[in-house]
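Subject: Structure handover

Hello,

Here is the structure I promised you. Please open it first, then read my notes below.

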Amino acid sequence: MHDPQPFSRPPRNSLRWALIAAAVVVAGGAFAYVGGWLTPHRLTAQRLVDELQRNGGGVHPGYRRNHAKGVCVAGYFEGDGKASAYSTASVFAVGRTPVVGRFAIPGGNPYAPDGSVPIRSLALRFNLSDGQQWRTGMNSMPVFPVATPQAFYALQVAGEKDPATGKPEPARLAAFFAAHPETAAFRAWAKTAKPSASFVTESYFGIDAFYFIDATGQRQAVRWRVVPEATDAQPAPASDDYLIGDLRQRLASGPQRWHLLVTLANPGDPTDDATKAWPNDRTTIDAGTLVLTSEQPQDSGPCRDINYDPTVLPAGIALSDDPLLPARSAAYSDSYLRRTSEEAHVPGTTVPTHAQPEASR
Ligand code: HEM
């Protein structure tokens, strides 16, 4: 008699294949979503960096896609112990922490005149004695123009240069500002800001909020800045390249110093909006002194291969809910991958790996 068994039993092989196929479809869908193929208009790190690249005049191989023109610096941070009550990070204890930093001007063009923008930047990587790191990128203005990555992207689009004039279209920028009243504090700052003659006479602001975490686990919202000891700000010269020469000259006469000031938020002060400064009466701690002792070209110096991702933090410092921070992390990573894959193009930088002596690899 005919055996009905094979037809009444669940078709095991078909089930297995269906499960495998489903897993492949789900994984493929996840890749497609993360890669932005299902949502071509979603803002991604790639789109942000493409736009910065476009505004910088296209690809300049080996250079950062923003803050492209810069110089490496090195030195140390001398903690004075005053911030240790708020953060367990060893960098705040009394003692020295080595630092590798980078001064720069914003924009994606590594050949831009130093006077093309009134903003200067300082990025720092602190190498803590316990092996942890603290990385921060700071700008010389106290507030950011916009609060979200989407608005930052829209600002870049509004600032695209008109090929006829080589400048952004004023009407387009005006329309952006009219639609983004949160830019008011930045615009008020920009109205009087002039390009400085020196990196050394500038204050640099972390702008985004973070949390300090103390030994009991308590969180305190903070913002930090570094304020220079140098007070001899001069009007900027007419030439295109003066910042690095000025830095070299000043360092030749001795180390340059800044104080790391940490402002403590009051309850209710916004931590998710980099366009809003906290009121001036907030408690501020002088956490120690940043001492920069040397500079090196960015093409070959120790800052070249550092990604100053502001989300790289030691225990004792934590991220806030500021939406710019994850967007910065993703965009810096994308820019880093682009530029480090192009380093062979940077003149004078790369010795082919096969030509290096064994010990130096
Ligand atoms: C969504 C907002 C932002 C985006 C998409 C963005 C994007 C970028 C990119 C792509 C780079 C080049 C990174 C590299 O190749 O290593 C860069 C550099 C830099 N950015 Fe931003 N940025 C944003 C917001 C900010 C803010 C709020 C600050 C200041 C607090 C800031 C300060 C800096 C500094 C100092 C550098 C230079 C770092 C260095 O010297 O390596 N950025 N930015």
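Buried residues make up 34% of the 361 residues in the protein chain. Buried means that 20 or more other C-beta atoms, placed from the backbone, lie within 10 Å of the residue's own; exposed means 12 or fewer, and partly exposed is in between.

Two notes on the source. This is a predicted model, so local features need pLDDT of at least 70, side-chain atom pairs count only at pLDDT 80 or more, and totals for chains, interfaces and linings use all residues. Residues are numbered from 1 along each chain as its sequence is written.

Overall picture

The protein chain has eight helices and twelve strands. These are DSSP runs, numbered from the N terminus: helices are H or I with at least four residues, strands are E with at least two. The C-alpha trace spans about 105 × 60 × 55 Å along its principal axes. Among contacts with a separation of 6 or more, 73% join residues 24 or more positions apart. Two residues are in contact if their C-beta atoms, placed from the backbone, lie within 7 Å.

Around the ligand

The ligand has 32 residues around it, and Arg64, His67, Ser121, Gly137 and Ser335 come nearest. A residue counts as near if its C-beta atom, placed from the backbone, lies within 6 Å of the molecule. Several elements supply at least two shell residues each, including helix H3 (45–55), strand E3 (121–127), strand E4 (133–139) and helix H8 (324–340). H8 gives the most, with eight residues. By type, the shell has 17 nonpolar, nine polar and six charged residues. Nonpolar covers Ala, Val, Leu, Ile, Met, Phe, Trp, Tyr, Cys and Pro; charged covers Asp, Glu, Lys and Arg; the others, Gly among them, are polar.

Helix packing

H3 and H8 pack at an angle of about 65°, with their axes 8 Å apart. Axes are lines fitted to C-alpha atoms, for helices over the stretch in contact, and angles run from 0 to 180 degrees between N-to-C directions. In H3, Ala45, Gln46, Leu48 and Val49 meet Ala330, Ala331, Ser333, Asp334 and Ser335 of H8. That contact divides into five nonpolar, three polar and one charged residue.

H4 and helix H5 (residues 170–179) pack at about 160°, with their axes 9 Å apart. H4 is therefore roughly antiparallel to H5, a label for angles over 145 degrees. Ala154, Leu155 and Ala158 of H4 make the contact with Arg172, Leu173 and Phe176 of H5. Here five residues are nonpolar, none polar and one charged.

Best wishes

Terms used: Parallel < 35°, antiparallel > 145°, perpendicular 65-115°, else oblique.
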